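Trainee: Could you show me how to read the features of a protein model, one after another?
Mentor: Gladly; let us look at it together.

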Amino acid sequence: MTGSTAGNLREIRPSYRGGMLIETRPAGDPEIATLVTAQQRELREADGGLDGQATLTREDIRYLAVVVNGRAVACGGVQALDSGTGEIKRMYVRPAFRGRGIGRQLLAALEELAFQAGHHTLCLETGRYLPAAIALYTSCGYAPIPVYGEYVGNPYSVCFAKRLPLAA
């Protein structure tokens, strides 16, 4: 991705990775809202509605969308937890587009977004009942950490973290 400096954050400009466009989107973007709603619906179906989490888009999350043939097919965001730590939020790939490496490309772009925002560590939460998500995160260098923040006490949560590489 390329970008220009805007304050102490670089603006993420659209980039093509493997035939897909990865671009920033505002929290209020209707395609982001649609993807987050689909993610939440799928999570409720996967856990039988037991988890109780139902979160919509938030203004304090910086979102990226993966666009294929003019349609957003995946999304994810980074939310600052503190000055050095970001959290991956709302990562989702439409079922018809899974197995194509889109999640891996999106995760790499989110890591870049977090690095540009000054984060040296990224953490995330996912469900114990999502083995494909856990496999993706661990294969990309995320290690298990204790459950943190709003996830403490949630028996369905498992958390991971990754230290981002230092700038050369």
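Trainee: How many helices and strands does the secondary structure of the protein have?

Mentor: Helices (H or I, at least four residues) and strands (E, at least two) are DSSP runs, numbered from the N terminus. Here the protein has three helices and 10 strands, and from the N terminus on they run β-β-β-β-α-β-β-β-α-β-α-β-β. This is a predicted model, in which local features need pLDDT of at least 70 and side-chain atom pairs count only at pLDDT 80 or more, while totals for chains, interfaces and linings use all residues. Residues are numbered from 1 along each chain as its sequence is written, and side-chain values use heavy atoms, with hydrogens and water left out.

Trainee: Is Gln79 buried or exposed?

Mentor: Buried means under 20% relative accessible area, exposed over 50%, and partly exposed in between, with a 1.4 Å probe and protein chains only. Gln79, which sits in strand E6 (residues 71–80), has a relative accessible area of 6%, so this residue is buried. Of the 168 residues of the protein, 46% count as buried.

Trainee: Which residues does Gln79 touch?

Mentor: A contact means heavy atoms within 4.5 Å. Leaving aside residues up to four places away in sequence, Gln79 touches Arg58, Asp60, Ile61, Thr85, Gly86, Glu87 and Lys89.

Trainee: Which residues of helix H1 are buried, and what covers them?

Mentor: The buried residues of H1 are Ile32, Leu35, Val36, Ala38, Gln39 and Gln40, and their cover includes strand E4 (20–25), strand E5 (61–68), E6 and strand E7 (85–93).
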